[in-house]
Amino acid sequence: MRQVDGVKLLERLGDGVKELRGRLTPDSPMDRVTWFRAGGLAELMFQPHDTDDLIAFLKILPEDVPLTVVGVGSNLLVRDGGIPGVVVRLSAKGFGQVELAGENRIKAGAICPDKHISAMAMDNGIGGFHFYYGIPGSIGGALRMNAGANGGETRDRVVEVYAVDRKGNSHVLSNADMGYSYRHSEASKDLIFTGALFEGHPEDRAKIRADMDAVRLHRETVQPIREKTGGSTFKNPEGHSAWSLIDEAGGRGMVIGGAQMSSLHCNFMINTGHATGYDLEYLGEAVRKRVFEHAGVRLEWEIKRLGLFMPGREVEPFFGA
Ligand SMILES: Cc1cc2nc3c(=O)[nH]c(=O)nc-3n(C[C@H](O)[C@H](O)[C@H](O)COP(=O)(O)OP(=O)(O)OC[C@H]3O[C@@H](n4cnc5c(N)ncnc54)[C@H](O)[C@@H]3O)c2cc1C
């Protein structure tokens, strides 16, 4: 049963869209975007050509139309009923650049893959970016999630962030404005990050290369990186690691429909073939229940869940969101 209607929404936007240079796609399948390869339709996908085009679009978008921004979908679970309103996905052409911006500084567009920053930093002897080498997301996702690994986090490197709000106004946020904590930013949900300036420190290239190789080797050994996955499902609760709680509660390898807690890293969910958004979310909630009953710890989702349930296929949260 169709819950979103992109053609109707596009009609509602009227002639203003003719001036846009980016791509508008009604009823765009999100299973082509998410790493899980699951989820319903984006009612209307907009891929702005550049920042001016994004601003022009936001200025004609009626206030009551919901707006969601996605990166490359490596931390997203999209529900099967789809995402109502507009989904903004930044284009690589307008937002994928990465360049040196002064001593030990790198500027990157928000859809630039994290990996490209690591590579540029290594080529130029700038230390502090090796951790991005193993994170498969984009800079926009890293800025929102305070992505981190292997002893480094986005907040350690951010100087300033460029963003556009729902009304099309531009903003520059300082590191403090981003309000970072573990896998979280307090920056307004209303903001679309368009890029950021980062700073590292001088470091020997061979040392950076060795750190990057260590990141790659570690991931290949302990994470199901070639599977359809969304990375860590739950945040590590204070004083615990999520995977060991799941393991001890008997969650390793647990299956619901086409969704499974990976046997290699049991805080990673994987789509074993034909998982739906429902399978994945139901499995996640079932794991939260098990861990709570076994250890009394409340796991909190790290993966962002977006969109509507299919009627009759709702997943009740075991506790809180
Ligand atoms: C195999 C694997 C390993 C992973 N390992 C790690 C890891 O070690 N450490 C780690 O931190 N994460 C890890 N992740 C999770 C994920 O890669 C990161 O969270 C990443 O930063 C998400 O970026 P993305 O572009 O995929 O964002 P998406 O998944 O598309 O979106 C994530 C969130 O960011 C928001 N967002 C995206 N772009 C923008 C933007 N331009 N402006 C505003 N908001 C935006 C979205 O609205 C959403 O809330 C892993 C994932 C996988 C699949």
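Biologist: What should I know about the model before starting?

Modeller: The model is predicted, with local features needing pLDDT of at least 70 and side-chain atom pairs counting only at pLDDT 80 or more, while totals for chains, interfaces and linings use all residues. Residues are numbered from 1 along each chain as its sequence is written, and side-chain values use heavy atoms, without hydrogens and water.

Biologist: How many residues surround the ligand?

Modeller: There are 34, each with a heavy atom within 4 Å of the ligand. The closest are V69, S74, S138, G148 and R219.

Biologist: What does R219 do there, in terms of distance?

Modeller: A polar side-chain atom of R219 is 2.6 Å from a ligand oxygen. That is a polar contact, a pair of N or O atoms within 3.5 Å. A side-chain N or O atom of R183 lies 3.3 Å from an oxygen of the ligand.

Biologist: How much of the ligand does the protein bury?

Modeller: The protein buries 95% of the 970 Å² that the ligand exposes when taken alone, by the Shrake-Rupley method with a 1.4 Å probe.

Biologist: Which element gives the most to the shell?

Modeller: α5 does, with five residues. Helices here are DSSP runs of H or I with at least four residues.

Biologist: Switching topic, what is the volume of the second largest pocket?

Modeller: About 170 Å³, the space filled by probe spheres set on the grid points. A pocket is an open set of points on a 1 Å grid where a 1.4 Å probe fits, with protein on both sides within 12 Å along at least five of seven lines.

Definitions and conventions. On a 1 Å grid over the protein atoms alone, a cavity is a set of points where a 1.4 Å probe fits but cannot get out, and a pocket is an open set with protein on both sides within 12 Å along at least five of seven lines; lining residues have an atom within 4 Å of a point. A polar contact is a pair of N or O atoms within 3.5 Å; within protein, one must be able to donate a hydrogen and the other to accept it, and residues adjacent in sequence count only if both atoms are side-chain atoms. Helices (H or I, at least four residues) and strands (E, at least two) are DSSP runs, numbered from the N terminus.
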